[in-house]
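Here is a short report for a reader new to this structure.

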Amino acid sequence: MSSVVAGTSLPSAAHAEVSVLYVDNRTSANCSDAGEGTQAQPYCTIQAAADVAQPGQTVQILGSWDYTEQVTVKRSGTEGRPITFKGAWGFSQPSVMVGTNRQTPESRGLPHAFVLSGVHDIVLSELYLGSSQEAVLVQDSERIVLDRDHVVAAGRPRVFDGVPNFPDPAPGVRITGASKGVTVSRSLVKLSGTAGLVVEAGATGTVVTASQLAENKAGGLVATDAPGTVVTGNTVTLNCQGDSVALLGDSPRATVENNIVTGAARSTTCGSPVPGTSLVVSAGSVAGTVVDYNVVYPATGAAGYSWGGTAYLSASQFRASGQGEHDLSVDPRLSKSGEYFVPAAAEGVTDAADANAPGQLDTDLWGLARVDDPNIANQGTGVGYHDRGAVDTHDPISVSVRSTDTPVDGRPLRGQITGTVTPGWSSAGATLDFGDGSAPLTSLGAGDFSVDHDFAGVGTYTVTLTATSTAGVVRKATSTVTTRRVDDLRAAFWVTQADSTTTTVGFADSSRSPWPVDRYTVDWGDGSPASVGYGSLPTGLTHEYPTSGYFNVTLAILDDHGRSVAATNRSYVVGPTNGVPVAGRFGAPNSQVGLFHNGQWAITYQKVTGRASMGYLFGEPGDLPTVGQWDAGNSEQVGIYRSSTATFGLKHADYSVTAVPFGEPGDLPAVGAWDHNGHDQLAIYRPSSSLLAVRHDNGSVTTLRFGDPTDIPLVGDWDRTGHAQFGVFRPGRNPGDPNLFILRHDNGTVSTASYGVKGDLPVVGDWLRQGRATFGIFRPSSRTFALSNAYAGQADSVFQILG
């Protein structure tokens, strides 16, 4: 006949073979308390897992921060196979909280985070615990372990609508009833409503080790009628009132060793404290009790010890009791490191503990192994180098590292890594691993450094700085850096003519090359040899054309990663005796033509050979002419487009001028009556992408792609609709080849017509007042206009404007 240990049950079929039950109410959208606690479908509450957990299983609590619930553990493990409730460790504290320490309505009915009553072999590990009463209540239970837990602000009733949810404050942890063999190790208990940890009558063999009990309202540890209590290797400090460590009633056969115990002192959490005795052992507790290897530093005006009712101010006096042979009453010089109080390295504290004391651990509060400080003589027992208090003194070698992406031209994946290597007890060398597969940097020594590094590609990399002392101590620090997407290679430029007395142009580059340029080529479009350069984008290039005219200039770029791109722009070069042809209704109902040259406008009204009828001055060398109806009436006004700054300049009938930025450098003007509302709207044509962009009166912009990069934009009312349509002029490819006028109509159809030959320039207007626009050409070589009148059934107009 088999037997079952009290408080346990045989595993159910659902959980017999699994070692981990998962709980996750934060990061999993698929949690269910009706499931089986798998990682794919975890429980939503810890209680659901506690209700089915079996000996040897771990309840792994995932997510972060609040599980606002009180977990009542009713099932037990067995010796060697406990049930473990495990959270996770964050940057400096556990990241999973159970219970509540916030003033929220959920805390109204939650006195505890965990209740362990009548159970055995339970472990609570790496949990952040808080509640309005004891965060952990252990009652009539055996072999319970709290390890690496934080119990913070427990036992402090909350006030709701002026009424406390519980009548009295409480300790952070309470061990009561016939509890046996309860261990609190490597844990932090702070800000409790009364004492940090209370052991009540009937509990035996309680062990408190490598823990910090600090800033609690009424003492750090109080054990009453609790035989065999072990208090080893703890830091008990800044508790507000009462005795710091007290063994009261009948609590014989206790051990108090290797602790740092200080009296109450003024602090931000205590206000004005009420100093008590640092260490109290009642008359009923002295039998078989050992006190030694402690640092007891009492508050001003308070006793350090009370032994069997006799007070002793200091450790030297306390030795008269036959105890505390190695105790010291020196200032441990505690300083705050995050949540922890850490003593300064000093003789009597460092390397001065009893390594063989009951409950002494080989690791400290931080989980770090005990180490030997070579600068302080060993005064402890056993290995001789365990420290007193919860935190061991470690080699102060430290490293820190920070990474940021810092792309620059030609280095789009560059990052900057800065860090510090601080040597400790011995010299240290450091290695910096960039995390991208490249060779690590191994020549780093002590001090600050800054390193630029080109990462292998776009992504997120973990940079690791590792310092190793000659004594073999290793410290690591990591930082992540995310490199940005590498932009596309882009070719962009424009060609400008500063002085029309020559046919020399300048090349203004606005290309973008994330990687270094390997080679660039500029084809000037006139049959001359291309300009070729290596290693950088072109700056300061000029070119002299053999004659005036339109030329297709092409820039091709190849970067050192094998990427290539090309762009073509049209350049119009004005010779010494020519100009840019213009057309418009300059005071007459039909269109006239003229020439624009370096800000000078020459207009003819008669369409017969002769000198210009009218002249204007508006614009500067390098500007492009445009004509439009800016004002009310039938006449059109002159304007310019300064391509270098992408700005229109509009001259009104009253001689005022309006400047309107629109487009990008290198664009061409394409003004027209796009909205059919009595005046013209601004537009640009971008030859590199064959893009027409129209700016409407309401500020909106519409776009159209039409033509090729070598075309010239045309705007006119081909359809006699009262508003403009778009078209392009495509010059003949070879000398003598005809030009093409390609006109786009409102119904989406396209018509083409040939007129003139290569070298001619286009003009558009309503030459004979027919209510629709047609085309013509200007031949720079002879300063001749030829205007097609076929749309009116008449002969073409052919004439010259004499210089």
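## Two loops with positive phi

Asp140 sits in the loop that joins strand S10 (136-139) to strand S11 (142-147). The model is predicted. Asp140 is not a glycine, yet its phi is positive, about 50°. Its relative accessibility is 40%, so Asp140 counts as partly exposed.

Arg148 belongs to the loop between S11 and strand S12 (150-152). Here too a residue other than glycine has a positive phi, in this case near 60°. Is Arg148 buried or exposed? Arg148 counts as buried because its relative accessibility is 16%, and the cut-off for buried is under 20%.

## Paired strands

Strand S43 (residues 493-496) pairs with strand S44 (residues 504-509). The sense is antiparallel, and the pairing runs over four bridges. Phe493 stands opposite Asp509 of S44.

S44 also pairs with strand S47 (residues 542-544). This pairing is antiparallel as well, over three bridges. Which residue of S47 is the bridge partner of Val505? That partner is His543. In general, side chains in a regular strand alternate between the two faces of the sheet.

## The second largest pocket

The second largest pocket holds about 810 Å³ of space. It is lined by 24 residues. The closest to its centre are Phe91, Ser337, Trp366, Leu368 and Arg475.

What kinds of residues form the lining of the second largest pocket? The lining divides into 12 nonpolar, six polar and six charged residues.

How values were computed
Residues numbered from 1 in each chain as written. Predicted model: local features only at pLDDT ≥ 70, side-chain atom pairs only at ≥ 80, totals over all residues. Heavy atoms only, no water. Pairing = 2+ DSSP bridges. 1 Å grid on protein atoms, 1.4 Å probe; cavity = no way out; pocket = protein on both sides within 12 Å on 5 of 7 lines; lining within 4 Å. Points joined across faces, edges and corners; volume = space filled by probe spheres on them. Nonpolar A, V, L, I, M, F, W, Y, C, P; charged D, E, K, R; others polar. Buried < 20%, exposed > 50% of the residue type's maximum accessible area, 1.4 Å probe, protein only.
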